[in-house]
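Dear colleague,

Please find below the structure I promised to hand over, together with its sequence. My notes on what was found follow directly after it.

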Amino acid sequence: MMNYPTPHIKATPADFAQTVLMPGDPLRAKYIAEHFLKDPVLVNNVRGVQGYTGSYKDVRVSVMASGMGMPSIGIYSRELYEAYGVRNIMRIGSAGAIQPHINLKDIVMAMGASMDSNYQAQFHLMGTFAPICSYEMLHAATQSAEELGAVYHVGNILSSDFFYDDDEGVPEALNPKKNWQKMGIMAIEMESAALYLNAARLKKNALCICTVSDQLVRHEYLSADERQTGFEQMMQVALETAVKLEK
Ligand code: HPA
């Protein structure tokens, strides 16, 4: 058992709700707290990674940023699960779609998170673990998306260590994006696999839902304003999911 306060979160277990929503960006966490939660209280501010707890439809909900990439979400999710007793972590992020039928602003829900990272080496497995989400959370999230009329896709995503990859001189047959696409990967982001691995190891629940901000096949990208509106619908889905998890 990890003791609190932890190196990256200065709080007590009572400060956090059983469900924590995790955007990548600390300023987005603040925005969510101020616009969607009732009576938000700042519970962490180490490194400017603001964590808030408030309520939505009378259910306590926390929101705290993960930072970018698997090392970062690996740290925050492990501390929240292990030292602060958090039960459910829902990443609410953005992703780049690599399938032509997935459009900008659609929501992708990561049933599985494939990866090009070495994060799972720490678990000393003589094989390859398949990081998957919590079925309970996925079920609640798809129900919420149906109720809200959101366009969503459920499947496998790629958690990548690379936002910028060096494809100079790489032959087409070795193009990673193309090959992940052939395997049915819906979209690329950079955090979910580490979150799912930590949840598995610590017997907790995790789910990642992302708004498609980039269509990498068609080279289409949301503007700053469009990112905001796409994001609001995902927030509604996430908050309704948190309410369902409480019942
Ligand atoms: N790659 C990785 N992560 C992302 C992307 C992407 O294209 N878009 C949003 N998050």
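I begin with a contact between side chains: arginine 91 and glutamate 191 form a salt bridge, with an N to O distance of 2.9 Å. Because arginine 91 belongs to strand E5 while glutamate 191 lies in the loop between E8 and helix H5 (192-202), this pair ties together parts that are 100 residues apart in sequence. The count of salt bridges comes to nine. Please bear in mind throughout that this is a predicted model.

The ligand itself sits in the largest pocket. Two or more residues of the shell are given by each of strand E5 (88-97), strand E8 (187-189) and strand E9 (205-215). Residue by residue, the surroundings of the ligand consist of Ser94, Ala95, Gly96, Phe163, Ile188, Glu189, Met190, Ser213, Asp214 and Leu216. Sorted by class, five of these shell residues are nonpolar, three are polar and two are charged.

On its own the ligand has 260 Å² of accessible area, and the protein covers 88% of it.

Two points of backbone geometry remain. Most residues other than glycine have a negative phi, and most peptide bonds are trans. Aspartate 39, which is not a glycine, has a positive phi of about 50 degrees; this residue is located in strand E2 (residues 38-44). Tyrosine 4 and proline 5 are joined by a cis peptide bond, with omega at about -5 degrees. Proline 5 is found in the segment before strand E1 (19-22).

With kind regards

Note on methods. Residues numbered from 1 in each chain as written. Predicted model: local features only at pLDDT ≥ 70, side-chain atom pairs only at ≥ 80, totals over all residues. Heavy atoms only, no water. Near = heavy atom within 4 Å. Areas by Shrake-Rupley, 256 points an atom, 1.4 Å probe, with all protein chains shown as cover. 1 Å grid on protein atoms, 1.4 Å probe; cavity = no way out; pocket = protein on both sides within 12 Å on 5 of 7 lines; lining within 4 Å. Sits in = over half its atoms within 2 Å of the grid points. Helix = DSSP H or I, 4+ residues; strand = E, 2+ residues; numbered from the N terminus. Nonpolar A, V, L, I, M, F, W, Y, C, P; charged D, E, K, R; others polar. Salt bridge = Lys/Arg side-chain N within 4 Å of Asp/Glu carboxyl O.
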